[in-house]
Amino acid sequence: MVEEEKSSKSVAKKFAFKALKAFLKSFLFYILYLFVWSFLAPITEFVPGLQQTVENFVIVYIALGVLGDLVADTVFQYFFSTAKALFVIGYLALTLNGGMLNLTYRNIALTVDLRLFLMVAILLSLLGLAKSMLQAISYMNKKAEFGFKT
Amino acid sequence: MDVSIRMIGIASTFFWIILLAFFASAAYSVKDLHLGVGEPLLSVASNGDLLVSISINIENGGYYDLGEFNLTTKVADVNGSMLAEGSTFIPTVKRGGKVATFHNLTFNFNDLLEKGSYYIFNDANFSLAAIISMKIAEAIPVKASSNFSVPWGAPFYNFELGEPTFEPFNRTHLEVVVPLSFENHAFFDVYGEIRLRMYNSEGLLVGRGETVIEAPQGFLYNGFIVFHVQTAENIREGFFEVYFSTSLFEYGPLVITYG
């Protein structure tokens with residue numbers, strides 16, 4: 001009975017720790033977003049809807065990060081990590097219109113070629129995806145090894 | 001395996017930071033990029049073409065060099081025919097640097113007249129297409145284009161010859177006085193001369209005259225051309241051929257009937 005109580009306390013403690021970690025990571029990411037956004041803010045006048053687009057991205061990215069942190073030390077952590085990498089690729093490709101942004105500001109048609117940026121971002125996201133895959137394989141491998149030993 | 005995965009993670013994070021920092025700072029640099037366009041300066045080239053020079057000042061206060069700055073302007077008439085095209089290319093504007101240059105557009109009036117004498121006597125609207133392209137931080141190509149409507153003022157707007165008056169000059173000749181008027185709506189002064197040839201109803205040349213004209217921008221010109229014709233000629237009806245000769249263009253004949 002006492003051991004059961006101790007075990008449930010330990011699970012709660014672990015979860016609280018995970019939640020705290022997720023909160024701190026999200027908070028740091030949000031601070032980083034605010035910092036980067038302060039540089040991008042001057043161009044919002046020319047790009048209507050940019051803030052909304054970036055905010056949506058940040059919300060989903062943080063949510064996936066929080067979920068991944070909450071299920072840390074399980075295989076689901078890597079699912080969220082993979083989803084995060086795929087989300088970054090998909091969202092960037094869609095919102096950047098394949099790298100060619102066409103905007104209209106008053107009487108001026110503006111075309112920004114972000115294909116180079118998009119290509120590097122997708123390559124880095126693929127690197128993140130590969131990392132998540134490898135982590136998942138490593139995790140399953142370790143789990144199998146542990147099960148085999150016991 | 002853990003070490004290699006960690007190394008992938010570190011490398012990925014490092015490059016993400018580099019990419020975001022570069023992109024954010026390049027975007028932020030745009031705010032410190034100042035492009036100044038001056039008033040157009042007009043001059044006449046040695047071959048009679050009209051040269052429109054627009055001063056361009058680029059001040060790059062950003063963090064990165066600006067590459068491949070290109071300004072292209074195209075002027076077309078109402079039918080879409082190209083009248084003038086100019087391009088200015090600056091390979092690099094260093095960060096913290098300033099570049100001042102001129103963007104030139106050359107109008108060949110004789111080309112313009114080949115497309116129609118309409119523009120000598122009638123106001124119109126030309127379309128001006130301006131395209132600016134550059135590489136922000138020498139890596140992010142940006143292109144901005146816009147179309148403007150540019151009013152064209154005719155140099156001989158509302159050109160009219162009045163009814164000629166005939167007065168006896170001597171026993172053999174009559175003095176002919178032909179009033180003429182026009183408004184100079186053009187953005188340049190008109191200096192030159194107008195020559196007139198008078199033909200009777202049978203198509204015979206009966207007299208000729210000329211006058212020097214000086215019409216600054218916006219000037220309403222009223223003048224006369226005086227010449228003499230032989231009394232014996234049948235001159236009560238016929239037509240004039242008008243020839244225009246200015247520092248910018250030659251045009252003629254413009255046929256106007258009288259009588």
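Two residues are in contact if their C-beta atoms, placed from the backbone, lie within 7 Å. The views below show a predicted model, in which local features need pLDDT of at least 70, side-chain atom pairs count only at pLDDT 80 or more, and totals for chains, interfaces and linings use all residues. Residues are numbered from 1 along each chain as its sequence is written, while chains are lettered from A and ligands numbered from 1 in the order in which they are written.

**View 1. Packing of helix 2 and helix 3 in chain A.** Helices (H or I, at least four residues) and strands (E, at least two) are DSSP runs, numbered from the N terminus. Axes are lines fitted to C-alpha atoms, for helices over the stretch in contact, and angles run from 0 to 180 degrees between N-to-C directions. The two helices of chain A are therefore roughly antiparallel (under 35 degrees counts as roughly parallel, over 145 as roughly antiparallel, 65 to 115 as roughly perpendicular, the rest as oblique). Residues of helix 2 in the contact include A:Phe57, A:Tyr61 and A:Leu64, and those of helix 3 include A:Phe80, A:Phe87 and A:Tyr91. The contact of helix 2 with helix 3 in chain A comprises nine nonpolar, six polar and one charged residues (nonpolar: Ala, Val, Leu, Ile, Met, Phe, Trp, Tyr, Cys and Pro; charged: Asp, Glu, Lys and Arg; polar: the others, Gly among them).

**View 2. The side of chain A that touches chain B.** Contacts join 25 residues of chain A to 25 residues of chain B. On the chain A side, at least two residues each come from helix 1 (2–40), strand 2 (108–113) and helix 4 (115–149). Helix 4 of chain A gives the most, with twelve residues. This side of chain A has 18 nonpolar, five polar and two charged residues.

**View 3. Strand pairing between chain A and chain B.** Strand 2 of chain A pairs with strand 7 (residues 140–152) of chain B in the antiparallel sense, over five bridges; pairing requires that DSSP finds at least two bridges between the strands. A:Val112 has B:Val142 as its bridge partner.

**View 4. The two assigned domains of chain B.** Domain 1 covers 2–151 and domain 2 covers 157–258, with bounds from an automatic or database domain assignment. Their C-alpha centres lie 47 Å apart. Eleven residues of domain 1 of chain B are in contact with nine of domain 2.
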